[in-house]
Amino acid sequence: MTQFAQKIALTSLIVFMFQSLGFTQSPEKITINKQYYGTLDQILDRISLEKGILFSYNKRKFSQIQIADNTVNQPLNKLLDRWCLISKTEWYQSANNIINIVGRNKTPGSESAKPEAVKTYSGAPKKFNILFSGKITDSDTGEAVPYASIVVAGTSRGTQTNQDGYYTLQNVPTDTSTIFVSSIGYKIGRIFLTPDLPKSKFEFQIEPSSIEVEEVEVKSQKNAVMSTNDKISSIQITPRKLAELPNIGEKDILRSFQLMPGVSGANEGTSGLFVRGGTPDQNLILYDGFTVYHVDHLYGFFSAFNSNAVKDVQLYKGGFESKYAGRLSSVTDITGKDGNSKDFNIGGDLSLLSANVFAELPIGDKFTSLFAFRKSYKGPIYNKIFDQFNTANTAVAVPQPGFGGRGMNNNFAAKVSSYFYDLNTKLTYRPSDKDVISFSLFNGTDNLDNSVKVDGSTSGGGMGRSFGSDNSDLTEYGNLGTSLKWSRRWNDKLYGNSLISYSNYYSNRDRSSNRTTTDADGVATIVKIGTLENNDLKDFSFRSDYTWDVSSRNQIGFGLKATNYNIDYSYSQNDTSTILNIQNKGNLMGGYLQSKFKFLDNKLTITPGVHTTYYDVTKKFYAEPRLSASYSLNDKIKLVGAWGHFYQFANRITREDILAGSSDFWILSDDQKVPVSKAIHYITGINYETPDYLFSVEAYYKQLTGLSEYSLRFEPARREQAINYEQNFYTGKGFATGIEFLAQKKIGNLTGWVSYTLAQARNQFDVYGSDYFSASQDVTNEFKIIGIYKWRKWSLAATWIYATGRPYTAPEGGYNITLLDGSEKTFISAGAKNSRRLEDYHRLDFSVNYLLKSVDQKTERGNISFSLFNVYDRKNTWYKEYQIIDSEIISIDKQFLGITPNLTLTLKLK
């Protein structure tokens, strides 16, 4: 460790001890009792070590300034005033007791000044307990910054901007108070109020943080990729930070969430989120207000969201507010970019997987637009994924009781071709400073061909056979969504938005197989087995949400929502036997009311609420009461808790298929074959947070009823009767429980987090027995380490994940039955439900990122990123497929990707 690094580490430890014990003093009360000589940065380092004070300043600049002043018996504030005069800077002490030395004010009083372009007012206040409102925007693009934290320095009074960047802060002590503005991905902003500064419609710009940071300057800058906020069990991510994390081939929003505590990161085969024992369909995904029902690209290895089109993402892991409804587990709320309002901008990414371009075009002062398009191409990563599908099909003969244990030799050849694309468009019009009208469009589509040809031979018992199989696997799926939203700030206390939206999920799959078997005598037998599966979901919705800031201690939220569903699903075999043909139509109408109360000088926050829905299919009302609370023991320790009821009416049903791997489809609940599902959440936790660190523990329990699954495994029991395949829907219940531990370092050159989750997810279906069994998404232990180190223009990151293997159901034997059309089909006899587990999952990823700047070194122009996925080439199993050929059960391990490098070039004009 270098001498400088040792000093910084020792300083941080001393300061942490001083702050924890409450010994930190203001500069006016600190007297320097010795003489210092040297450069200004050296003197500040010594004072920091001896007095337990942290400074934030430009290390490079201060190392060029020699100090020879008399420092004996001098108050620190007077010395700082003198040194700031020499260095043409100014200083202030932030709420976290860090002394920040920044550049001098150039545009005092500017209503949209940058954080460092304001100066403390030294006069007496003229007004008290004032209301302060306005908007927070990005200093580079002019875009609104959603969910930014706004806090009055030295108090617990604060608020958050809404999705459109507006804020209302009530009962600000004086019109000379200092206000801090912070948001993940941005430098901390400071508003120094003065009596003459506007207190309404105050637009304040915060500056995006950069990968390029000074050695000491980073002490006051949050460099975290993820952040928590005042809402219980919530996580925030900004796409601008995603380039710092390792990736397979794309900066991926949902994949990044899989690195967070409580979200399973052990399933590369889907970008969907398994949150606290829930399934991806139990996670509500909103993109600019419309619901997205499918998020996967390329067999699930990538999500369908283009990071160049996304501004902010919020994940609520449980106990979410009453404004959200329709899902059992969690909510992912995505806000799309509006587009640069200051200048035309164009840019894009080129990786070994895809090409990605975007353009931002402002027209006048009131109109902005953004267009983004991404498409895969047959590059190295594209080819590697499909090679994986070839090499993963390494079959091994599995001797089974009663089948003779014959040996088998197989050759597999895959004809794989595929592509994906997605398109994002956002148009925003601001007719006044109170109104925002926006149109958003998203379309993500995949076309996949994963056909496989199998040739092989068997031997054993004096017999020999050859066989061949042509397996077609053609799939097209995607999601189209659009919304038109009108937002209005009616006054300083009332804000509302209304939108209409449309979402369409579609999936068409043809999986058929022609099998030819030739025995030792040259007699050929041809068997045709196939499935055709189509799912089409249409969602037409309207919603209107309002927020009323009644006082500094009370905020009321209320709204209405209506949704019309039209869902079709068909599943057939051999083009002759229709298994299911379901056509669903239904309407949801509902509303919500919630109120946030603050007590005990804002230490205690309680948010009761209720969401009520009328569902015309069942002709019933469903009430969802909810309650959340938090209590701050002091400025560092907070207790949190939440409870609530949640219903889900559109369900993605698992169709169990032990031979080829289970799949799923969307249908509506009808309280007959598919009941309305319900969850009850119980959450409690404790957080310890300082400016540098966050330590968090949260425990949860979810009680689940109305779970549904579809399976044909019990059909032979009724083979002598007329078969009604709709009777193969089975209903059950379950629970998910666990505890999450998180330790995060938020500030400095080295940031990151360590998390551990101990969890259990269990289901019980009468058809499988009276005992609870492990749910398919059950992961008992999950451990994650994420580290990011920054040095000037370089950023290095590494992530490591370990997880217990997921459960699966294995076959025990096989048999033939006669179908309605007279043909025969081979079935397997399944073992106990999810009684076995895959091998444990673990993976190490690494990345390095280099910042590209303009010739004058003032403007960021992009970056070059290199990622190495699965560094030590771990052979993690995705799932198992089985085939029965000549009474032999063939086990096929589908494996995730091995070691995979990726190189990405990102460029932009502005």
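Strand β23 (residues 345-350) and strand β54 (residues 900-908) run antiparallel and are joined by four bridges, where helices (H or I, at least four residues) and strands (E, at least two) are DSSP runs numbered from the N terminus, and where two strands pair if DSSP finds at least two bridges between them. Within this pairing, D349 has T906 of β54 as its bridge partner. Strand β54 also pairs with strand β51 (residues 860-869), in the antiparallel sense and over eight bridges, and here F866 stands opposite L903 of β54.

The model is a predicted one, in which local features need pLDDT of at least 70 and side-chain atom pairs count only at pLDDT 80 or more, whereas totals for chains, interfaces and linings use all residues. Residues are numbered from 1 along each chain as its sequence is written, and side-chain values use heavy atoms, with hydrogens and water left out.

Turning to the other sheet, one finds an open arrangement of three strands in the order β3-β7-β6, with mixed pairing. Its edge strands, each of which pairs on one side only, are β3 (55-56) and β6 (89-93). Strand β6 runs antiparallel to strand β7 (residues 99-103), to which five bridges join it, and Y92 stands opposite N100 in β7. Helix α4 packs on this sheet and touches β3, β6 and β7, its direction making about 150 degrees with that of β6; contact here means heavy atoms within 4.5 Å, and axes are lines fitted to C-alpha atoms, for helices over the stretch in contact, with angles running from 0 to 180 degrees between N-to-C directions.

Helix α4 (residues 76-87) itself has twelve residues and reaches 16 Å from its first C-alpha to its last, close to the 16 Å expected at 1.5 Å a residue, the expected span being 1.5 Å times one less than the number of residues. Its buried residues (under 20% relative accessible area, with exposed over 50% and partly exposed in between, for a 1.4 Å probe and protein chains only) are L76, N77, L79, L80, W83, C84 and S87. Because these residues cover an arc of only 155 degrees around the axis, they lie on the same side of α4, the arc being that of the directions from the helix axis to the C-beta atoms. Just after α4, K88 takes a positive phi of about 55 degrees.

Helix α2 (residues 40-51) can be read in a similar way: its twelve residues should span 16 Å at 1.5 Å a residue, and its end C-alpha atoms are 16 Å apart, which agrees. Buried in α2 are L40, D41, I43, L44, D45, I47 and S48, and just after the helix G52 takes a positive phi of about 70 degrees.
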